[in-house]
Amino acid sequence: MSGWRQALRIGLVLTFVAGTGYGGALPARAAAAAFSTELSGLPDEFTAGNRVETLSAVVSRSDGGGCVKVRWSMLVRVQGLRLDQLKVDRVEDSGSFPLEIRTEGDTARLTDRQLDPGVLCPGRTVTARYRVAFAEDVGRGRVSFAAEAYDPQLRLLARRTASREVVGEEAAEPTPSPTSAEPTPSDEPSSEAPDEEPTDEPTDAAVVEPPAPGGVAGRPVADSGGFGLVQAAFLLGGLLLFLGAGLLLRMRRLLRPSAQAEPETLPPPFERPRPRWH
């Protein structure tokens, strides 16, 4: 019975250690003053129909500190369309970059599973590129981006946001002007609101905490991350518990003294009756 308790303790301790190691890396939400992020490559409006646009997020450092590695996280929020109508791919010179994707309602967070290949130093920048496309069945909507740069300890360095309109292919095609001699007034107020300029201030979009680093890139934004470190830790603890119990049972069988076989009792020999002589 003591062997079972010892194996159970070992499994619980390993599970607790793995779980605390995963949950200990919590990001800080305050951005560092010496860092800044820019968003470039944004069109005036996105056109649906699998037309790909390339966005670039660039982080720089203005103080005299040392060099640091960067992990990128992109927060995307949609209005008037669904997340499964949006496709985002994180790319580098070598190809697609692995992402961890988490969704919550109309908001998705895409976090690099690995540190960016570049190194951020004073006078140098680190750039992340994203290829963005929308499905053909999008009519009209709006999308917001928030590019966030973190250090290896998941401390927020800088954040930049921007919003753009999304229109369908039919709405994006110019319509021929009517052949009318009547003059068109040029001073009518426009019904469309101007596009928001990128800003470093945080927006009211729902914030999903960036996950810990992991493994394989995901392409559709609606697909969330798979098997996490917490599940792996519990699985490892259960496996070690099972192996410990089996080892104890094996040792118990080997150390148990074998019962000696009782000697076989044979029936008494047959005796022939002696003849009696009278």
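**Exercise 1. List the residues that Arg 61 touches, leaving out residues up to four places away in sequence, then describe the setting of Arg 61.**

Step 1. Arg 61 touches Ala 34, Phe 35, Gly 66, Val 68, Leu 120, Cys 121, Pro 122, Gly 123 and Arg 124, when residues up to four places away in sequence are not counted. Contact here means heavy atoms within 4.5 Å.

The structure is a predicted model, in which local features need pLDDT of at least 70, side-chain atom pairs count only at pLDDT 80 or more, and totals for chains, interfaces and linings use all residues. Residues are numbered from 1 along each chain as its sequence is written, and side-chain values use heavy atoms, with hydrogens and water left out.

Step 2. Arg 61 belongs to strand S3, residues 53-61. Helices (H or I, at least four residues) and strands (E, at least two) are DSSP runs, numbered from the N terminus.

Step 3. Arg 61 counts as buried because its relative accessibility is 15%. Buried means under 20% relative accessible area, exposed over 50%, and partly exposed in between (1.4 Å probe, protein chains only).

Step 4. The side chain of Arg 61 makes a polar contact of 2.6 Å with the side chain of Asp 63. A polar atom of the Arg 61 side chain also lies 2.5 Å from the backbone oxygen of Gly 66. A polar contact is a pair of N or O atoms within 3.5 Å; within protein, one must be able to donate a hydrogen and the other to accept it, and residues adjacent in sequence count only if both atoms are side-chain atoms.

**Exercise 2. Is Arg 159 buried or exposed, and which side chain does a polar contact join to that of Arg 159?**

Step 1. Arg 159 is found in strand S13, which covers residues 156-167.

Step 2. With a relative accessible area of 8%, Arg 159 is buried.

Step 3. The side chain of Arg 159 is joined to that of Glu 148 by a polar contact of 2.5 Å.

Step 4. Ser 36 is 123 residues from Arg 159 along the chain, yet their C-alpha atoms are separated by 7.1 Å.

**Exercise 3. Describe the protein as a whole: how many helices and strands does it have, and what percentage of its residues is buried?**

Step 1. There are three helices and 13 strands in the protein.

Step 2. Of the 278 residues, 35% are buried.

Step 3. Among contacts with a separation of 6 or more, 80% come from residues 24 or more positions apart.
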